[in-house]
Amino acid sequence: MRLFIQTKLKFLLLAAISASLFACGGGGGSSSQSISAPVVIQNSSVSGVILAAINSASDSDVNDPSAFFSSNDDFVNAQLMSNLTTLGGYLNQAGQGRFGRSFSAGDDQDFYEIDLQPGQSINLVQASLAVMTNIDLTLFDENQMIVDQSLSVGGVECVENNSAGKHFVRANILQGAANYTLSVTSLPCSVILSSSSLRLKSDFAASEMLIQLDTSKKSYSAMSSEMGSMGMTMATMAHDNYARVVIDDMAKAAEAMSISAMDATHIDESMYDSAMTLAMIAAMQNHDAVVLAEPNYNYTHFAIPNDPFFNRQWHYSLISLPSALDQAVGGSGAIVAVLDTGVLLDHPDLSANLLPGFDFISNQDSARDDDGIDADPSDPGDNPNRPSTFHGSHVLGTVAAVSNNNEGVAGAAFFSNIQAMPVRVLGVGGGSLVDICEGLRFAVRLPNVSNTLPANSADVINMSLGGSTFSQFLQDCTDDARAQGAIVVAAAGNGASAAPTFPAANNGVVSVSAVGLTRDLASYSNFGNTIDVAAPGGEASDDDGDGIIDGVFSTVGNNESGTITNTFGYLIGTSMATPHVSAVAALMKSVAPSLTPNQFDALLSAGQLSDDLGAVGRDDRFGNGLINANRAVLAAQGMSLTTPLLSAAPSGLSFGLNADQLRFDVINVGGGNLSVDTPSENSGGWLSISAPGGSGEGVYTVTVDRNHALIAEPGSYSAIISLTSNAGNVDLPVSLQVLQTGQSATADVGRQHVLLVSINADSTLVIEQVVSLDVDAGGYQFRFDSVEPGRYFIITTSDHDNDGRVCDAGEACGAFGSVDELLALVVNEGDQIELDGFIASFNFAATASATSLGSAIGSSSLVPLKLPDARAAN
């Protein structure tokens, strides 16, 4: 009979990594090549080998006084770390944390030297989320200059690399003490980080921040006075107690907030103010009266300019627009607000269909019109050196260019009384979150910095713009616009990647990918589980062989001579795809004025607004398919307020690297009574769904078994959850990742304390023996002598923080059987061993902890189980 034991680092938010390294389900085989030795009973003794998980490593200066020690506190002593390794570490400020090796002097930073490839990210997960305990992460190049920095407060940090070669990674703690895990991944930080992330590589305005004030704790005037005393100016905003803060005196503000000036020898001068701004935002997040503090991010448009050609609008027939116009004649009309670079107000193919708009660009270097925010949304050009894109005019032309006027092009709305509201928020280099949000509020008649409101609220909002960083502030703004009844549509981005782009990836926003003339996904288009629908964005090619670029043709300007000339031209990008969807949404509103954003989403998810492309049903390239204007108008006309309509939110589930359980809501966005059948899924067994019962409306819980044999191999996995009802069907895509990793024969999870735990008749547990040892030739050789007959568990744990807790968060943990299902070792007279009918196999839980161990045993007595103060030497 063979008994195998293996250890693993316990991760809080790295479930997929641990699954990829160690996963195999009950009865399944291991996906990794491991070497193990049997545990045998010899003269009432138990001995064996514990194998560390492949590609594991341990911080070399943890608080456990019995562990191996080598300082890694600076660049010179940086600890070598292999690529694709997962490492467990510990940090503490002097006098904080548990008493141990580093308690008195402190261990406030760890340095690692690692060879990285372009596009790789370093991910840190803090095990303890105690108040005022926070670990930051910094990436340096070979010359010890900062490449990226992450100062988040949610327990997860991530930095991205852009060059091959030697790098340094620093984890540092400003207060408190905590375990952490550090790993290398090929995923972008935008996939890993939470909404509270603060990254140096993000595009944001230096010396500015946005805060949301809790006025029950401090008034605007009191906060403004406090800011003034700190060298900062605060300007209040109309939106939910938000305020814009400008750092006027960086040195004074840093001193007031007890922030040390950065070492200029390790950071480029151009990045200094940005890095200091992030440090101040991080500090502001701990202010008692501040609910939220984040950067004023810059977003930009997604168009690829090309020279103008003659009138050729293949993209309308691609989405069946001409047929839709016959159905939409006589509609009540609709308003599309276009948040962009502004508009050429005197363009003959635009002016008749334009409503009064506004210019919200507050930075005059970006605005280039020398008159601040005002009621003139004219576009003076977004390139001081010429030529400019006139991006906003191109987008507006796709929506609402005047038709049947013997001029240039026709807009997608044709004769349907669709009008466009130009809202200028993008200038040279893009636009700030503040300006974009003010434009959103203006468009839906909410209070805004202009102190003006349009005559009528926009029905549809088009945002052919975006950035790579999530902002809660912008999420609030898009939520507010949607709550006013506006359908918000945004471009998915031109990065040709699965990385989410915001606001397209925001909840409640329709995300649009792009196709070319052949209806294939455009070469530049982003994709992924946030995509809702596809539309024509064009390609820089000539697939039909007519000698003309297959771009989207619309209204633009030409300022190469120094004077703006109204003309027509081609642009390509998801920016160009987005207004096609906005125009279709406007046509739907024109024939069904009561159409709500929820109803639009439900019709889209049900496939009633599009032609299916790619994989059957929703997929990550085309979302719910290519928008079909004719089908969309017919669907809007056929809606009845007494007819139920199935909707599910969110429209897809991404478990990523770490999540084990997610939820979605099923709601009736129509009328009448909705009845939903039991959902089905096609994962093959690694997904399970818990339904709310009753009619099927409510919250569904979806759980992933990350130890299932079908997802044991590294890679990406997907499935479909299918909902059927008396009001249509909805498919929800599900995805998760198991990270590719190499293998190491010398894996080391640090000092291990191997426990022989007896099980008494009343199910109480007693630690009978402890063997503490270090790795030897890739394994941990242990032996317990003089073992009395009885039932035992064998558990192994590290103790980086020296708190004595068994299997603490962020530390190595393993058990005979698994940490989720421990198997009892029975020692009888005559040194016989029984395994309760089981032969142990490799089976590792992604969320091992003292609590899960206690649950697996069927007793809570292990939760407070502590290592004895006197631990055996190796």
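Reader: For residues 740-746, where pLDDT stays under 50, how many contacts beyond four places in sequence does the model have?
Author: This is a predicted model, in which local features need pLDDT of at least 70 and side-chain atom pairs count only at pLDDT 80 or more, while totals for chains, interfaces and linings use all residues. Residues are numbered from 1 along each chain as its sequence is written, and side-chain values use heavy atoms, with hydrogens and water left out. Over residues 740-746 pLDDT (the predictor's confidence in each residue, from 0 to 100) stays under 50. Contacts (heavy atoms within 4.5 Å) beyond four places in sequence number 16.

Reader: Which residues have pLDDT under 50 and 32 contacts beyond four places in sequence?
Author: Where pLDDT is low, the predicted coordinates should not be read in detail. The stretch with 32 such contacts, its pLDDT staying under 50, is residues 303-311.

Reader: Which element of the protein chain has the highest mean pLDDT?
Author: The chain as a whole has a mean pLDDT of 78, with 77% of its residues at 70 or more. Elements are DSSP runs numbered from the N terminus: helices (H or I, at least four residues) and strands (E, at least two). The lowest mean, 21, belongs to helix α1 (residues 15-22). The highest, 97, belongs to strand β26 (residues 487-491).

Reader: How are α10 and α11 set, roughly parallel or roughly antiparallel?
Author: The axes (lines fitted to C-alpha atoms over the stretch in contact, with angles from 0 to 180 degrees between N-to-C directions) of α10 (residues 433-443) and α11 (residues 472-483) come within 9 Å and cross at roughly 10 degrees. Angles under 35 degrees count as roughly parallel, over 145 as roughly antiparallel, 65 to 115 as roughly perpendicular and the rest as oblique. The pair is therefore roughly parallel.

Reader: How many nonpolar residues does the contact of α10 with α11 have?
Author: On the α10 side are L433, V434, I436, C437, L440 and R441, which meet F473, L474, C477, T478, D480 and A481 in α11. Ala, Val, Leu, Ile, Met, Phe, Trp, Tyr, Cys and Pro count as nonpolar, Asp, Glu, Lys and Arg as charged, and the others, Gly among them, as polar. Besides one polar and two charged residues, the contact has nonpolar residues numbering nine.

Reader: Where does P503 lie?
Author: The peptide bond from F502 to P503 is cis, with omega near 15 degrees. P503 lies in the loop between β26 and β27 (510-515).

Reader: What is the phi of Q144?
Author: Q144 is found in the loop between β9 and β10. Although Q144 is not a glycine, its phi is positive, at about 65 degrees.
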